[in-house]
Every structure is written in structure tokens, then in C-alpha cells.
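This report describes selected local features of one protein structure. The sequence and the coordinates come first, and the text follows.

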Amino acid sequence: MSTLLEVRDVKTYFYTMKGVVKAVDGISFKLNKGEVLGIAGESGCGKSTLAYTIMRLVPPPGKIVGGEIIMEGKNILKLSEEEFRKQYRWKKISMVFQGAMNALNPVYTVGFQIAEAIMYHEGLSKREAMARVYKLLQLVGIDPKRAHSYPHELSGGMKQRVMIAMALALNPPLVIADEPTTALDVVVQAQVMNVLKKLQRELKMSIIMITHDLSLIAEIADKIAVLYAGKLVEFGTAEQIFLNPQHPYTRGLINSIPRLRGDIKKLEWIPGLPPDLSNPPPGCRFHPRCKYRMDICSKEEPPVVEVEPGHYVACWLHAKK
Ligand code: SF4
């Protein structure tokens with residue numbers, strides 16, 4: 001499989017009155033064409049900031065201060081805002097925002113709102129754009145007649161599917177979905193995930209799926225990246241992460257997922273809270289919460305080690321000093 005996107009040592013910091021918040025602090029990974037990458041971690045671990053960094057939509061006082069993001073051989077962080085907007089944003093990388101269904105404009109029909117983006121970017125007539133809107137709605141499992149509905153006439157799940165249709169409007173090879181099912185009940189959540197899974201197979205696009213809920217991406221992700229306090233702590237195939245997790249934080253996340261089959265086990269939790277990123281702990285940022293911590297853990301940052309082909313872990317339990 002060939003690489004679609006390569007994130008190299010990317011850093012995004014927020015310059016606040018309290019100090020510099022290192023929300024994304026040296027993250028690297030590769031995403032192949034047609035692959036689904038799940039990015040998981042607790043709230044505040046930097047996963048949404050990473051998504052906004054790839055879209056180059058980091059709000060002030062945030063700033064991308066380092067690293068490269070390579071797509072089609074170009075470092076997209078080096079392009080001017082105008083070049084990126086014309087050539088990449090929505091055309092090649094689009095995004096389904098967190099709670100995006102509430103972002104629909106209440107005074108326009110949903111069909112018009114999707115068509116507007118198509119007309120703006122591709123210069124099509126309204127009739128041509130609407131023809132594509134009908135197809136897109138069908139693709140996400142909505143009756144095309146609903147194109148003429150206003151947002152308040154649709155359920156939460158339908159609005160979220162409209163937002164997915166909007167993200168697909170220009171047929172991008174990469175869609176970033178930032179907690180796309182957060183505000184939905186579990187049944188609708190499953191429907192939206194099934195729509196994404198079906199689209200990914202049919203359109204062969206790549207998806208970066210951001211979630212705080214590892215169990216949600218178990219079925220859809222090919223690879224999983226686990227983030228903690230702005231750092232990537234584990235990366236591997238979904239199988240490697242679920243069946244052979246190596247980082248104590250990943251194990252904690254997996255052990256806190258309720259199981260439906262097998263022996264009934266008491267759920268575990270990770271004690272403590274994620275650190276304040278304006279003043280993170282030295283060494284391994286997870287050390288104040290880790291039951292395996294050693295002396296070195298609070299002094300030096302653990303290097304990233306490949307523990308089996310394609311499976312990377314940043315933990316002193318696996319590194320040689
Ligand atoms: Fe725990 Fe040390 Fe590994 Fe960090 S480096 S996860 S503190 S064992």
C-alpha cells in the first residue's frame with residue numbers, strides 16, 4: 001500500500017496567559033491510501049488539535065511550530081494559505097467536525113448547503129451541483145428528497161450523515177472524522193459508523209477517525225494511534241493494539257472497556273487525571289499515573305521502539321538505557 005499522508009514530528013502549541021500549552025508535541029505517523037487510522041486518547045490529549053493541524057485550521061492562540069506533513073510529496077505546512085485552501089482543504093482533505101450537525105445553517109435547506117460548497121470549489125451550475133447532492137445523500141443512506149429539508153426537520157443522526165455527505169462533496173482521498181458520533185445515542189452511533197465503514201470500502205478513501213472511545217473504532221480501524229498528553233505512546237494495527245497492547249496507558253484504556261463475551265471481569269480504570277499541558281511532568285508524561293514506573297521514567301522521555309513489525313511503543317519497559 002502506498003503512503004497518502006506522512007506526519008513528521010509535528011508540534012502545535014497554544015500561547016496562553018498561563019503559559020505555552022504543548023497540545024501536540026512531536027507526533028509522527030504514516031497513513032496509507034485506503035486505510036482507516038483511529039486516533040484514541042482521553043479528552044485533552046491533543047487528538048482534536050492534531051486533526052485541526054492537518055486541516056491547517058488551528059484557532060488562535062494556537063500555532064503549528066514544528067514538523068512536516070507530507071501529502072503527494074509536498075509539505076502542506078509550507079504552502080501559502082491560499083494554495084492550501086484552493087488545492088487541499090475540502091478537495092483532498094476534508095473533515096467532519098465534532099458536533100458538526102449543530103453547525104448547519106437553519107435558514108437554508110441541507111441540499112443547498114452541500115451544493116454551495118460544490119459550486120464554489122468546482123464552478124458547477126446549481127442544477128449540476130444538486131444532481132451530485134442527490135447522489136451524495138443516497139450514498140450516506142438518506143432519501144435524496146430530503147435535500148429540500150431544513151436542518152430542524154431532520155433527526156440528529158440524519159444531520160450527522162448530511163455532514164458526512166458534505167465532507168465527501170468534493171470526493172477527497174482523506175476524510176478526518178473528529179468524534180463524529182459524540183452527541184448521538186448508541187443505536188444512531190452504530191448507524192453512522194456503518195455508513196462510514198461502507199463509504200470507506202466503496203470509495204476506497206482513507207479516514208482518520210478521532211475518538212475517546214477505543215471500542216468505537218475496534219471494527220472500523222486498520223491501524224490505531226494512542227495519544228497521551230500530546231505524545232504518541234503506541235501505534236500499530238488494530239489487532240496489535242487490541243490483542244497485544246504494550247503501553248500501560250493503552251492497556252488501561254482497553255481494560256476499561258466493558259466486555260460482552262467471556263468471563264465477567266471487574267472493569268479497571270486509570271487512576272489520576274491527564275496532566276496540565278502547560279506544565280507537563282518530566283520524563284514520561286504518564287509516569288504519575290503508571291503502576292510500572294521506574295526511576296528513569298520521571299527523568300527521561302522514553303524513546304519510540306518497534307516491538308514487532310509495525311508496532312511502536314514509547315515506554316521504558318521496552319527501551320534499553
Ligand atoms: Fe510507565 Fe515508565 Fe512506561 Fe511511562 S515509561 S508508561 S512511567 S513504565
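Asp 9 counts as partly exposed, at 41% relative accessibility; here buried means under 20% relative accessible area, exposed over 50%, and partly exposed in between, with a 1.4 Å probe and protein chains only. The model is predicted, so local features need pLDDT of at least 70 and side-chain atom pairs count only at pLDDT 80 or more, while totals for chains, interfaces and linings use all residues. Residues are numbered from 1 along each chain as its sequence is written, and side-chain values use heavy atoms, with hydrogens and water left out.

**Backbone exceptions**

Most residues other than glycine have a negative phi, and most peptide bonds are trans. Asp 9, which is not a glycine, has a positive phi of about 50°. Asp 9 is found in strand β1 (residues 3–16); helices (H or I, at least four residues) and strands (E, at least two) are DSSP runs, numbered from the N terminus. Glu 72 is likewise not a glycine and has a positive phi of about 50°; Glu 72 is found in the loop between β4 and β5 (74–75). The peptide bond from Pro 60 to Pro 61 is cis, with omega near 10°. Pro 61 lies in the loop between α1 and β4 (62–71).

Thr 49 is found in helix α1, and Asp 25 in strand β2 (residues 19–32). Between their C-alpha atoms the distance is 11 Å, and 24 residues separate Asp 25 and Thr 49 in sequence. Contact means heavy atoms within 4.5 Å.

**Aromatic pairs**

Rings of Phe, Tyr and Trp (its six-membered ring) pair if their centres lie within 6.5 Å; planes under 30 degrees apart count as stacked, over 60 as edge-to-face and the rest as tilted. By this rule the count comes to 7 aromatic pairs. In one of them, the ring centres of Tyr 52 and Phe 97 are 5.8 Å apart and the planes stand at 45°, so the pair is tilted. Tyr 52 lies in helix α1 (residues 47–54) and Phe 97 in the loop between β6 (93–96) and α3, so this pair ties together parts that are 45 residues apart in sequence. Tyr 52 is partly exposed, with a relative accessible area of 24%, and Phe 97 is partly exposed at 21%. Ring pairs link Tyr 52, Trp 90 and Phe 97 into a cluster.

**Helix packing**

The axes of helix α3 (residues 110–122) and helix α5 (residues 156–168) come within 9 Å and cross at roughly 20°. Axes are lines fitted to C-alpha atoms, for helices over the stretch in contact, and angles run from 0 to 180 degrees between N-to-C directions. Helices α3 and α5 are therefore roughly parallel to each other (angles under 35 degrees count as roughly parallel, over 145 as roughly antiparallel, 65 to 115 as roughly perpendicular and the rest as oblique). In this contact Val 110, Gln 113 and Ile 114 of α3 meet Val 162, Ala 165 and Met 166 of α5.

Helix α9 (residues 248–255) is mostly covered, with 6 of its 8 residues buried. The cover over these buried residues includes α7 (214–217), β9 (223–228), β10 (231–237) and α8 (238–243).
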